[in-house]
Amino acid sequence: MKREFRLLKERDYTLVIQNGKTINTKSYVIHYLENKDVGNVRIGVTTSKKTGNAVTRNKVKRQVKAMLDHRIETSRELDVVIIIKKNYLNYNFQQNAKVLYEGLSEIERLLTE
């Protein structure tokens with residue numbers, strides 16, 4: 001993901017998690033908050049140490065970022081924080097991608113209402 005489409009600062013993550021809305025799926029917790037000042041979508045991907053060692057956590061984050069590269073609409077003014085659950089490891093890449101896309105579609109649906 002390009003730098004302009006990533007959440008980089010801890011305060012941005014905190015702002016989205018505390019003030020945004022949440023969608024809970026079997027593999028992810030997705031927090032989102034509209035941002036009118038940035039002009040494009042910004043995404044942060046994180047996971048806890050419960051998911052595994054550093055190698056596993058980084059692999060999982062790379063997979064999620066790869067899923068997002070193909071499906072994210074960059075013109076939307078939105079901040080998104082995706083927290084990967086330990087349950088992610090119980091499913092394969094395609095199943096996790098489907099769950100992620102369903103969660104993102106749910107966000108789009110909720111924002112257009």
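The model is a predicted one.

- The pairing of β3 with β4 is parallel and runs over 6 bridges.
- Within the pairing of these strands, threonine 46 has isoleucine 83 in β4 as its bridge partner.

**Helices on the sheet**

- Aspartate 79 and arginine 42 meet through their side chains in a salt bridge, at 2.8 Å from N to O.
- Aspartate 79 is in strand β4 and arginine 42 is in strand β3, so far as sequence goes 37 residues apart, and the pair links distant parts of the chain.
- Aspartate 79 and arginine 42 are both buried, which means that each has under 20% relative accessible area.
- Asp79 and Arg42 also belong to a network of salt bridges that includes Asp12.

- The side chains of glutamate 108 and arginine 76 form a salt bridge, at 3.1 Å from N to O.
- Because glutamate 108 lies in helix α3 and arginine 76 in the loop between α2 (54-71) and β4, this pair ties together parts that are 32 residues apart in sequence.
- Glutamate 108 has 29% relative accessibility and therefore counts as partly exposed.
- A salt bridge also joins arginine 109 to glutamate 106, with the closest N and O atoms 2.6 Å apart.
- Arginine 109 and glutamate 106 are both in helix α3, at a spacing of 3 residues, about one turn of the helix.
- Arginine 109 is partly exposed, with a relative accessible area of 40%.
- Glutamate 106 is partly exposed as well, at 28% relative accessibility.

**Ring contacts**

- A pair of aromatic rings is described by how far apart the centres are and by the angle of the planes.
- The aromatic pair in this model is formed by tyrosine 28 and tyrosine 88, with 5.9 Å from centre to centre and 70 degrees between the planes.
- The geometry of this pair is edge-to-face, because planes over 60 degrees apart count as such.
- Tyrosine 28 is in strand β2 (residues 28-34), and tyrosine 88 is in the loop between β4 (78-84) and α3 (93-112).
- The two tyrosines are 60 residues apart, and their pair links distant parts of the chain.
- Tyrosine 28 and tyrosine 88 are both buried.
- A charge also sits over a ring: the charged end of lysine 26 is 4.3 Å from the centre of the ring of tyrosine 91.

Notes. Residues numbered from 1 in each chain as written. Predicted model: local features only at pLDDT ≥ 70, side-chain atom pairs only at ≥ 80, totals over all residues. Heavy atoms only, no water. Phe/Tyr/Trp six-rings, centres within 6.5 Å; stacked < 30°, edge-to-face > 60°. Helix = DSSP H or I, 4+ residues; strand = E, 2+ residues; numbered from the N terminus. Buried < 20%, exposed > 50% of the residue type's maximum accessible area, 1.4 Å probe, protein only. Lys NZ or Arg CZ within 6 Å of the ring centre and 35° of its normal. Pairing = 2+ DSSP bridges. Salt bridge = Lys/Arg side-chain N within 4 Å of Asp/Glu carboxyl O.
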